[in-house]
Amino acid sequence: MKEAYNPQEVERKWQYIWSEKRVYEVTEDHNKEKYYVLEMFPYPSGRIHMGHVRNYTIGDVIARYKRTLGFNVLHPIGWDAFGLPAENAAIERGVHPAKWTYENIAQMKAQLKRLGFSYDWDREITTSDPNYYKWEQMAFTRMFDRGLAYKRSSVVNWCPSCETVLANEQVEAGGCWRCKSSVTQRELEGWFFKITDYTEQLLDGCERLKDGWPERVLTMQRNWIGKSTGAEIGFPLEETIEGVRSLRIFTTRPDTVFGVTFVCIAPEHPTSERIVKGKPQEKEALQFIQRINRQSNVERVAEGVKKEGVFTGAYCINPFSAERIPIYIANFVLMEYGTGVIMCVPAHDQRDFEFAKEYCLHIKVVIQPEGDVINPDDMKCAYEDVGTMVNSGEFSGLPSEIGKKKVIEYAETRGLGKRQINYRLRDWGISRQRYWGAPIPIIYCGKCGTLAVPDNELPVELPMDVEFTGKGGSPLAKIERFVNTKCHKCGGDARRETDTMDTFVESSWYFLRYTSPDFEKGMLDGVRGKYWLPVDQYIGGIEHAILHLLYARFYTKVLRDLGMCDLDEPFINLLTQGMVIKDGAKMSKSLGNIVDPDDMIAKYGSDTVRIFMLFASPVERDLDWSDEGIEGAYRFLNRVWRLVYEVMKKIEDFKGVKPNITLISDTARDLLIKVHKTIKKVTEDLERFRFNTGVAAIMELLNAVSRSQSNGNDEKAVLREAIETIVRLLYPFAPHIAEEQWESLGHEETLVDKPWIEWDREIVGSTAVIVVLQVNGKVRSQVFMDPDTTEEEMKQAAFSDERVKSYISGKEIKKVVVVPKKLVNIVV
RNA sequence: GCCCGGGUGGCGGAAUUGGUAGACGCAUUGGACUUAAAAUCCAAUGGGCCGUAAGGUCCGUGCCGGUUCGAGUCCGGCCCCGGGCACCA
């Protein structure tokens with residue numbers, strides 16, 4: 001063994017040994033319980049960053065620990081290889097997206113290997129591989145057959161200069177993120193997945209995931225789905241206009257229906273234009289509609305945008321109150337939600353209130369708060385809370401919560417409307433007018449219509465010789481060899497779909513593919529899938545709380561319904577780790593505060609990087625990178641190294657020697673107790689992913705060992721046990737140095753497969769406990785006691801304590817509180 | 001505006017169910033080793049007051065109040081920071 005710790009040498013050695021012995025390659029073993037631990041796979045951007053390192057380190061600790069517990073651990077990794085950056089690189093630098101992507105993967109793979117993660121590299125997946133997306137295309141065709149994938153037109157962000165669709169995230173301050181030109185709204189045909197068919201299932205699932213997922217992620221998903229219960233009510237028009245007889249509205253406050261003083265329609269609603277036909281207000285209204293429709297979504301919903309609208313000249317009738325209600329077209333009404341028409345109750349809805357004030361519309365109070373009377377004339381804002389219904393015909397006097405139900409019942413019996421549930425969640429638009437993605441396997445035949453590509457023609461491969469200009473829309477659309485095809489049904493000329501799929505589709509099922517990455521008959525091998533699935537522990541950043549995790553849950557349910565897997569929820573337990581920040585800000589190029597993992601590995605080794613990341617902060621919280629902090633982690637591992645080196649000679653002959661606890665000195669016994677308490681502590685911390693305190697406990701044990709004296713034989717045996725314990729406890733956190741030290745200590749087996757160390761219950765349990773003696777709740781003394789000292793004995797001990805005596809002498813004892821193993825409190 | 005997190009030393013953070021607040025690490029200071037430095041090792045380190053000293057004593061977990069023998073932890077009311085959603089009727 002060398003005197004100096006050389007992490008690079010040690011790490012290279014053990015990475016080689018692990019890989020030679022193929023220790024991480026697993027197959028189904030029905031004699032063992034399986035454990036599937038998964039970290040969110042990376043986008044191959046070129047470099048591993050600290051966020052990845054943190055994510056994968058957490059996963060690796062869990063994987064290694066579970067393995068020592070005897071689980072058959074599946075711990076795979078792969079690449080989320082499709083996506084925009086590759087295509088941008090092609091446009092800007094003329095590198096083919098495939099070349100760019102595969103070079104990045106090679107580089108990042110080498111980085112991950114240097115970090116020593118326990119991946120089964122045999123299962124590596126690259127989503128841009130036709131052997132991968134082939135199955136995704138096949139699933140698409142099945143979804144198409146069932147109407148779960150469909151085409152429709154929708155309004156999208158459009159950059160007229162780049163001639164392409166922009167995602168909402170790609171619109172910055174109303175302009176294109178790349179060329180800055182003003183973004184417009186445009187109707188465009190595209191493909192959608194019918195996630196709205198699964199809203200209730202996705203909501204139910206949130207209940208079932210309660211024990212394994214962070215509450216806030218579930219809350220975010222529930223909010224995103226946005227279920228709201230209310231009523232749909234028809235408001236008949238005063239006179240039929242252009243064939244329109246009535247307006248259907250959606251409200252969550254049917255109890256306020258008597259307070260309606262106007263109705264508003266979304267400008268883009270087809271009825272808007274029809275309803276103003278022939279009215280004196282027609283010209284003004286049409287101008288308004290045009291102006292609003294020209295605005296981008298971003299402009300329209302930007303903060304501080306004023307509510308505005310125009311009167312249509314038309315009226316409808318409130319079916320409850322029979323009042324004549326003016327109809328407006330207003331910018332704050334959304335076409336995509338509900339019916340695109342709303343009933344407006346300015347007294348009890350803040351938005352309606354603001355609109356009414358702007359256009360001097362009548363305000364009618366129909367809910368009175370308890371113990372108060374509100375008056376329309378002095379209202380400064382709407383009263384949106386519950387109360388008692390007033391001015392509401394036969395419903396007056398009812399509490400509003402009951403009124404809600406009664407109004408719906410009334411509407412249903414008279415055919416005025418019905419109970420209705422609306423969701424915020426919309427269908428998932430998966431079309432991208434982009435090259436670097438999985439082609440949507442659809443052809444358009446003049447005779448046979450829209451057809452799914454048959455299985456025997458899959459995959460629809462991405463053509464490789466393509467020009468990237470960044471202009472003129474989808475690159476695929478310009479490749480005639482690709483676009484022009486024959487219809488498999490009639491043999492006639494047909495055109496291929498040129499949209500590719502959103503990359504979130506690939507990440508919606510990669511965890512399934514890992515179970516059988518070589519399977520050639522479908523997405524996954526049912527037999528192997530049944531053994532490994534679901535994922536027992538998923539780990540990733542909170543930034544995916546909604547999109548990725550919701551899509552993956554949805555897609556899994558779809559595949560289940562298509563008979564491709566037998567799974568309701570893909571991830572049983574979810575751990576969301578915090579970000580890695582530096583100087584209080586997220587690491588970024590523009591701030592110049594990036595710390596490169598490679599530099600750190602070169603300087604300290606990956607074990608040190610791992611220890612620092614695990615120790616510096618609890619996993620769920622943000623981690624502040626500290627250059628001094630990592631020095632501390634390095635110092636710790638150096639101390640471990642030196643300790644083993646220095647005492648090696650002394651303890652050499654005590655391998656496997658059990659110290660006789662009755663023969664050792666008090667200090668040696670204290671150390672032995674500390675050893676076993678530490679094993680207990682670290683084990684419990686590993687179980688609950690509290691790695692920061694787990695590492696701290698090992699540090700404490702190291703401090704205790706450094707301080708201890710050991711001259712007699714039994715003491716040396718204790719010392720050896722303590723050192724071996726440190727090394728073994730360290731293994732999941734810093735595996736390379738642990739393996740090396742274990743070998744130095746004369747062991748031939750490797751820690752990677754050695755069962756986890758257990759604590760001696762007797763040693764831990766028999767320890768004297770410190771009992772705190774309080775007077776009036778203030779600590780005045782402390783004494784050692786046997787853990788099974790009776791309460792009466794504890795009391796006696798307290799009263800005979802000199803210091804306690806000085807505080808209670810001459811005073812009246814009012815009460816004595818005794819907590820076994822903890823404290824005695826005397827109240828005077 | 002709504003919904004989540006979170007406020008503990010100079011800093012990152014500990015404190016299973018209410019029971020010694022500040023584990024562990026960083027930084028700082030002093031000391032040892034050294035010709036010297038680095039590295040390493042040892043010690044001190046929340047604040048105030050009393051004491052030459054050993055020590056004693058009071059205050060202290062964002063703020064105000066409450067429950068309790070006892071509150072960082074529970075309850076009520078506020079303040080600040082971070083994140084998510086946001087004209088969703």
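Me: Why is Cys360 called exposed?

Reply: The model is a predicted one, and in it Cys360 has a relative accessible area of 73%.

Me: What makes the phi of Cys360 worth noting, and where is Cys360 found?

Reply: Its phi is positive, at about 50°, although Cys360 is not a glycine. Cys360 is found in the loop between α11 (350-358) and β16 (367-368).

Me: What is the phi of Arg22, and in which loop does Arg22 have its place?

Reply: Arg22 is likewise a residue other than glycine with a positive phi, here near 50°. The loop in question runs between α1 (7-20) and β1 (34-39).

Me: Why does Asp583 count as exposed?

Reply: The relative accessibility of Asp583 is 63%. The label requires over 50%, and therefore Asp583 counts as exposed. Asp583 is found in the loop between β28 (580-582) and β29 (585-586).

Me: What makes the surroundings of Asp583 a patch of negative charge?

Reply: On the surface, Asp583 gathers with Asp622, Asp624, Asp627, Glu628 and Glu631. Asp and Glu count as negative, and like charges are joined within 9 Å when the residues have over 30% relative accessible area and no salt bridge; therefore such a group is called a negative patch.

Me: Which helix gives the most to the negative patch?

Reply: That is α19 (residues 627-651), which supplies three residues.

Me: How many positive and negative side chains does chain A have, and how far apart are the centres of the two sets?

Reply: Chain A has 110 positive and 121 negative side chains. The centres of these sets lie 1 Å apart.

Me: How do you know that the peptide bond from Leu458 to Pro459 is cis?

Reply: Its omega is near 0°. Pro459 lies in the loop between β22 (449-452) and α13 (480-483). A cis peptide bond also joins Leu533 and Pro534, with omega about 0°. Pro534 is found in the loop between α15 (526-532) and β26 (535-541).

Me: What share of the residues in chain A is buried?

Reply: Of the 828 residues in chain A, 55% are buried; the label applies to a relative accessible area under 20%.

Me: Among contacts between residues at least 6 apart in sequence, what share joins residues at least 24 apart?

Reply: In chain A that share is 72%. The secondary structure of chain A comprises 26 helices and 34 strands.

Notes. Residues are numbered from 1 along each chain as its sequence is written. Chains are lettered from A and ligands numbered from 1 in the order in which they are written. This is a predicted model: local features need pLDDT of at least 70, side-chain atom pairs count only at pLDDT 80 or more; totals for chains, interfaces and linings use all residues. Side-chain values use heavy atoms; hydrogens and water are left out. Patches are made of residues with over 30% relative accessible area and no salt bridge: like charges are joined within 9 Å, nonpolar side chains (Val, Leu, Ile, Met, Phe, Trp, Tyr) within 5 Å. Accessible areas come from the Shrake-Rupley method with a 1.4 Å probe; for residues, only the protein chains shown count as cover. A salt bridge is a side-chain nitrogen of Lys or Arg within 4 Å of a carboxyl oxygen of Asp or Glu. The place of a charge is taken as NZ of Lys, CZ of Arg, CG of Asp or CD of Glu. Helices (H or I, at least four residues) and strands (E, at least two) are DSSP runs, numbered from the N terminus. Buried means under 20% relative accessible area, exposed over 50%, partly exposed in between (1.4 Å probe, protein chains only). Contact means heavy atoms within 4.5 Å.
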